[in-house]
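Dear colleague,

Please find the structure below, together with a short account of what was found in it.

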Number of protein chains: 2
Amino acid sequence: MQRSSAIELLAVPGIPRIAKGDDLVALIGEGLARGGIVPRGGDVFVLTQKIVSKAEGRMVDLATVKPSAEAIELAGNVQKDPRLVELILSESVRVVRAGPGILIVEHRLGFVMASAGIDQSNVSGDDGTALLLPEDPDASARRIRDALIRSTAADVGVVINDSFGRAWRNGVTGVAIGVAGIPALVDLRGHADRAGRALKVTQVAAADEIASAASLLMGQAAEGLPVVLARGFPYERRAGAAAELVRPRAEDLFR
Amino acid sequence: MQRSSAIELLAVPGIPRIAKGDDLVALIGEGLARGGIVPRGGDVFVLTQKIVSKAEGRMVDLATVKPSAEAIELAGNVQKDPRLVELILSESVRVVRAGPGILIVEHRLGFVMASAGIDQSNVSGDDGTALLLPEDPDASARRIRDALIRSTAADVGVVINDSFGRAWRNGVTGVAIGVAGIPALVDLRGHADRAGRALKVTQVAAADEIASAASLLMGQAAEGLPVVLARGFPYERRAGAAAELVRPRAEDLFR
């Protein structure tokens, strides 16, 4: 297996606040020029879910949302705005856990996550706006990748990342919700260890690992570093999709 | 908040196969010299659980293990060696989920993980040897950190990482099981977003993110890259401990 001995993560400088319709790839190009960064084949661009959703216009004015009876009842249990709960339910296929302040759902994309990934912070000065995940983050990643390849002339990959909580462990970490041009899951079956025994750990969530690495650099407090270029992704590239990371419900012990 | 705009991950070259009693810090020093890498204050060394466990002599000869009746019964259900199941139970406080080929437990350290982190691959040519987690990985990280600070004269941090599966998502990712000299969990409460609203995502599992980043470089297939130096950790440093990452049972919705 091809394996580099270094990985470099570079924040693309000067990405401005994003609004609906903004051309992310053009803004990334300006940032790369500003930072003197020249992308190479094999580099991976990691973009936050937030800027992709905003560019795609996934903001919803809560004043326009009419909560259902189900949303109103659930909102009481979880102590959230019934209009927000209505949006969460409309983005989800089922509720996985509900408790005071907590609503963990299975998103229609298959991700098990808090509040269907709907973000009320940092969208605008108006508390009445919510930001949904991109409609189809793998498709978004593919579109952004195609445009980046055209504009940089380098065969790059793209990951759209978000911060998820986990079962059993405190704190959030970066995970991949959209992937293009790299494997999300790397299958090591058939590889042997030094003793010649087949490896038991057969699948590595490589796109989640790169999403976490970039998240460390992006931080949580600012929109200032929403794009990171990762150089040295060590696995063989292929089309890839974040959908690979969703464990089918039938194989899941925790739903 | 202090925030760098780049993170660099460098594999320390030429770390040999580790045996009980080996001086990891001396071997890292030789590798750094070989690679021309000069550690700086703030750098974080990430070491695999496997080399730390081996240096600490945490190998167990399965021929010496006498399985209890409980282990024999459970081994039938999960289709594992009863002696291995005995070791898993002896390292654990409870079984969280059991199924064919799967035994997820709460390790005595609080980590919810498959097979109590006990590894049968890559320990030796002998299938009859198992490798347990370090007795106290946070204490191991502190010892290694103290020795690295003495040998390098740089105020470095240390993370011991392992690969864990997750609920709901396919594939393993690197997580921190031992931490010294950096925060495992970074609390962002009190920080405001651009709109001046308090952030809702308040805790970032920074040590898990750096563990994942290093894991990407280490890969799974080889023991060849078990030590990675990470430069550019963006959060304020403090003593830290992986114990911060364990969600208390009472606050956990998935145990």
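Which residues does Thr173(A) touch, not counting residues up to four places away in sequence? They are Ser163(A), Phe164(A), Arg166(A), Ser212(A) and Ser215(A), together with Ala205(B), Asp208(B), Glu209(B) and Ser212(B); a contact requires C-beta atoms, placed from the backbone, within 7 Å.

This is a predicted model, in which local features need pLDDT of at least 70 and side-chain atom pairs count only at pLDDT 80 or more, while totals for chains, interfaces and linings use all residues. Residues are numbered from 1 along each chain as its sequence is written, and chains are lettered from A and ligands numbered from 1 in the order in which they are written.

Thr173(A) lies in strand E9 (residues 173–180) of chain A; helices (H or I, at least four residues) and strands (E, at least two) are DSSP runs, numbered from the N terminus. Thr173(A) counts as buried because 27 C-beta neighbours lie inside 10 Å. The terms are buried for 20 or more other C-beta atoms within 10 Å, exposed for 12 or fewer, and partly exposed in between. Of the 255 residues of chain A, 52% count as buried, and the chain has six helices and twelve strands.

In chain B, helices H1 (residues 24–35) and H5 (residues 137–152) pack at about 45°, with axes 9 Å apart. Axes are lines fitted to C-alpha atoms, for helices over the stretch in contact, and angles run from 0 to 180 degrees between N-to-C directions.

Key. Contact = placed C-beta atoms within 7 Å.
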